[in-house]
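Here is a short report on a protein and the molecule it holds. Have a look at the structure, then read on.

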Amino acid sequence: MSLPPTHAHSASEFIRAVQLGETTPADLLDAARTRADAAGQLNALISLNDQAGVQAAAVQSRLEAGETLPLAGLPIIIKDNLNLTGTRTTCGSRMLEHYVSPYTATAVQRLMSAGAVIVGKANMDEFAMGSSGESSAFGPTLNPWDTARVTGGTSSGSAAVVAAGLTPVSLGSDTGGSVRQPAALCGVYGLKPTYGRVSRYGLVAHASSLDQIGPLARHATDLALLMNVIAGHDPRDATSLDAPPVFTAGTPEDLRGLRVGVITESLGGNTVGVGAVLDATLDALRGAGASVGEVSLPALKHAIATYYLISMPEASSNLARYDGMVYGTREPGGDVLGSMTRTRERGFGREVQRRIMIGTYALSSGYYDAYYSKATRVRRLIADEFRAAFGQFDVLVTPTSPFPAFRLGEKMSDPLTMYAADVDTVAVNLAGLPALSVPAGFEQVDGKRLPVGIQFIAPALQDELLVRIAGGLEGIGAVQAEVAPPQ
Ligand code: GLN
């Protein structure tokens, strides 16, 4: 065993060590579990996978039988809205506290077929609704860089585990920023693929026209590694695209001649530190031979309103199934209607209830045209403006979040302030585009170094370009993820 399973290693290094026989899937799993124990105070995991040991042994046998496994023995953590047969899939909700998955999500199945070992299920905002990681029924996830602060949401645990070095990579889901925003606030990469690039089969639905599964990582090569496994057509998801993944982490050469457009609407309202990190990233791009310009997308000022008027109606419809009869923890007693009402009152938290009510209202006859239908038209405008901007630029840039991690409790009592945290991310989902948050620097706040993320947005199906840019920026030292120091 010449390679100690150090938590700072990349996924690629772990896999190579397994393939060379320098370590084993079981050793890597043990190391991840030890780290998970040590980082228990972060509350980043909802459950550990008790089949993981069996999985690790099975990977070892497959390797001994001569199989080539691209993710040989890779320990990975997945968000708790991804189904894995025989494990609890709670979605961070009391409603599904005791739900055990009878099937496995396609993306998760692909990971396991490639040799990955699922260590556990990550904490998350309830039903992937939130921007801080605080709406989980199992308590908030704490930021590894400052445990008095939020991780961002909703893939709160998925970001925290990678930042704290439990596993080198994780899976999250992104409906309006839920992979990118926590990735930014925790100082790791987070990729939201083009809508349809990764199968949604087995991902518990939030807003079906916006949801995508995406990877979080500390190295560009690891994003490529994961995307090459999880992306691709799946007959079980009618919206999945037939676009074979050809991801590689790029080099600084990939930045030469790149036309970068900074979105004007994202320049106001940022903290000083976020502005400084954006400027430094743009300088680095220029230094590597990219050209940098500015482009205005005026419809973006409607992005948050549009996003919530589309996502809440979709959510209210998707969540109708949790009535305690077919799905959900039943609150018994009384007649059927009484039981359903109590089930939904006690099973859902405040934010989920708020969205079901607003969503149902926006869909109701008399209001449908004024709200939902109008939002779908603005959605088209936003998509058109992106398309026009890509006539001039290869890639668009914004901060991922206007501020670094905020304090626990700071925004929980004011939903509109919480929704405003998504100002830079939601438009991407409305337009179905791929976007990547890169760990581009830090802002010093109250004596702590808080990570800052910068978002790169590409035209549909050019997800590969984003990972090449990440590799290029890593190559020139402009971007780097670190494991958070112990608190
Ligand atoms: N913060 C957004 C919301 O609350 C995004 C959620 C997500 O991407 N799942 O809806």
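Which cavity is the space taken by the ligand? The ligand takes up the space of the largest cavity. A molecule sits in a cavity or pocket if more than half of its atoms lie within 2 Å of its grid points.

## About the model

This is a predicted model: local features need pLDDT of at least 70, side-chain atom pairs count only at pLDDT 80 or more, and totals for chains, interfaces and linings use all residues. Residues are numbered from 1 along each chain as its sequence is written, and side-chain values use heavy atoms, with hydrogens and water left out.

## Around the ligand

There are 15 residues around the ligand; Gly130, Thr175, Gly176, Ser178 and Tyr307 come nearest. Here, a residue is near if one of its heavy atoms lies within 4 Å of the molecule. The shell holds 4 nonpolar, 8 polar and 3 charged residues. In this scheme Ala, Val, Leu, Ile, Met, Phe, Trp, Tyr, Cys and Pro count as nonpolar, Asp, Glu, Lys and Arg as charged, and the others, Gly among them, as polar.

Polar contacts are pairs of N or O atoms within 3.5 Å. The side chain of Asp422 has an N or O atom 2.8 Å from a ligand nitrogen. For Arg355, a side-chain N or O atom is 2.8 Å from a ligand oxygen. In Thr154, a side-chain N or O atom is 3.4 Å from a ligand nitrogen. The protein covers 100% of the 290 Å² of accessible area that the ligand has on its own (Shrake-Rupley method, 1.4 Å probe).

## The cavities

A cavity is a set of points on a 1 Å grid, over the protein atoms alone, where a 1.4 Å probe fits but cannot get out; lining residues have an atom within 4 Å of a point. The count comes to 2 cavities of 30 Å³ or more.

## The active site record

An unreviewed UniProt entry places the feature "active site" at Lys79 and Ser178. Such annotations may be inferred rather than shown by experiment. These residues span 100 residues in sequence, yet no two of their C-alpha atoms are more than 10.9 Å apart, so they gather at one spot. From this set, Ser178 is part of the lining of the largest cavity.

Methods. Polar contact = N/O pair within 3.5 Å; in protein donor to acceptor, adjacent residues only side chain to side chain. 1 Å grid on protein atoms, 1.4 Å probe; cavity = no way out; pocket = protein on both sides within 12 Å on 5 of 7 lines; lining within 4 Å. Points joined across faces, edges and corners; volume = space filled by probe spheres on them.
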